Amino acid sequence: MIDLLTIAAFNARYAHTIDSDALEAWPAFFTEDCHYRITHVENEQEGLAAGIVYADSRAMLEDRIAALREANIYERQRYRHLLGVPLVESAEGDTARARTPFVVVRIMATGQSEVFATGVYSDRFVRNAGNVLLAERVAICDSTVTDTLMALPL
């Protein structure tokens with residue numbers, strides 16, 4: 001069974017990967033046929049599938065990171081994730097659903113830090129060949145106002 005401690009440790013590794021700029025390792029947290037979306041609370045409440053970021057495979061996540069590294073032009077920045085304790089909504093066999101609150105602080109090259117996003121991850125975890133992976137992660141942001149510069153994954 002995928003339990004609270006497993007999910008909390010997974011989330012810590014996930015956040016560390018993004019915060020330490022090891023972005024090439026980020027897609028490996030997901031299954032091959034995953035679903036990753038960043039949206040806001042009103043879209044989610046209304047059942048709207050549109051998101052700020054949308055990917056339906058690990059290959060799309062890999063392409064996103066390649067584009068960040070090779071094609072996109074954006075002001076240098078990094079994130080610091082602060083994660084709450086996951087709320088395990090269900091856990092049976094090799095699957096679990098959980099919600100984890102997050103705060104992401106964006107640190108610009110100038111040193112300026114600001115709260116960039118707050119919200120909750122709505123996740124579906126699966127155990128695949130002994131590894132726990134995300135089959136689905138929807139980052140539901142509290143604010144409906146989104147910075148157009150969402151370069152890094154949440």
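Morning, everyone. A caution before we start: this is a predicted model.

Let's take the overall layout. The chain has 3 helices and 7 strands. Going along the sequence, the order is α-β-α-β-α-β-β-β-β-β. So how does the radius of gyration compare with that of a compact globule? The chain comes out at 15 Å, and a compact globule of 154 residues would be near 15 Å, so the two agree. Along the principal axes, the C-alpha atoms occupy a box of roughly 45 × 30 × 25 Å.

Of the 154 residues, 44% count as buried. Take the contacts with a separation of 6 or more: 59% of them join residues 24 or more positions apart.

Next, the core. The largest nonpolar core holds 34 residues. Which residues have the most contacts inside it? They are Tyr14, Phe30, Tyr36 and Leu154. Several elements give two or more residues each: α1, β1, β2, α3, β5, β6 and β7. For orientation, β2 covers 53-55, α3 covers 58-70 and β5 covers 95-108.

Please find tyrosine 36 on the screen. Tyrosine 36 has 0% relative accessibility, and buried means under 20%, so it counts as buried. Leave out residues up to four places away in sequence, and what does tyrosine 36 touch? The list is Tyr14, Trp26, Phe30, Val53, Tyr54, Ala55, Leu61, Arg137, Pro153 and Leu154.

That brings us to the rings. The structure has 10 aromatic pairs. In one of them, tryptophan 26 and tyrosine 36 have ring centres 5.1 Å apart. Their planes sit at 80°, and over 60 counts as edge-to-face, so that is what this pair is. This pair links distant parts of the chain. Tryptophan 26 is in the loop between α1 and β1, tyrosine 36 is in strand β1, and they are 10 residues apart. Both tryptophan 26 and tyrosine 36 are buried.

Phenylalanine 30 also pairs with tyrosine 36. Here the ring centres are 5.6 Å apart, and the planes are at 80°, so this pair is edge-to-face. Phenylalanine 30 is buried, at 0% relative accessible area.

Step back to the cluster. One aromatic cluster takes in Phe10, Tyr14, Trp26, Phe29, Phe30, Tyr36, Phe102, Tyr121 and Phe125.

Arginine 137 deserves a look here. Its charged end sits over the ring of tyrosine 14, 4.3 Å from the centre. Arginine 137 also lies over the face of tyrosine 121, 3.7 Å from that ring centre. And arginine 137 is among the residues that tyrosine 36 touches.

Last topic, the backbone. Most residues other than glycine have a negative phi. Aspartate 21 is in the loop between α1, 4-19, and β1, 30-40. Aspartate 21 has a relative accessible area of 44%, so it is partly exposed.

Alanine 129 is another case. Its phi is near 55°, again positive in a residue other than glycine. Alanine 129 is in the loop between β6, 113-128, and β7, 131-141. Is alanine 129 buried or exposed? Its relative accessible area is 77%, and the cut-off for exposed is over 50%, so alanine 129 is exposed.

That's it from me. Over to you.

Terms used. Residues are numbered from 1 along each chain as its sequence is written. This is a predicted model: local features need pLDDT of at least 70, side-chain atom pairs count only at pLDDT 80 or more; totals for chains, interfaces and linings use all residues. Side-chain values use heavy atoms; hydrogens and water are left out. Helices (H or I, at least four residues) and strands (E, at least two) are DSSP runs, numbered from the N terminus. Buried means under 20% relative accessible area, exposed over 50%, partly exposed in between (1.4 Å probe, protein chains only). A nonpolar core is a set of buried Ala, Val, Leu, Ile, Met, Phe, Trp, Tyr and Cys residues joined through side-chain atoms within 4.5 Å. Contact means heavy atoms within 4.5 Å. Rings of Phe, Tyr and Trp (its six-membered ring) pair if their centres lie within 6.5 Å; planes under 30 degrees apart count as stacked, over 60 as edge-to-face and the rest as tilted. A charge sits over a ring if NZ of Lys or CZ of Arg is within 6 Å of the ring centre and within 35 degrees of the ring normal. The radius of gyration is taken over C-alpha atoms; the globule rule is 2.2 Å times the number of residues to the power 0.38.
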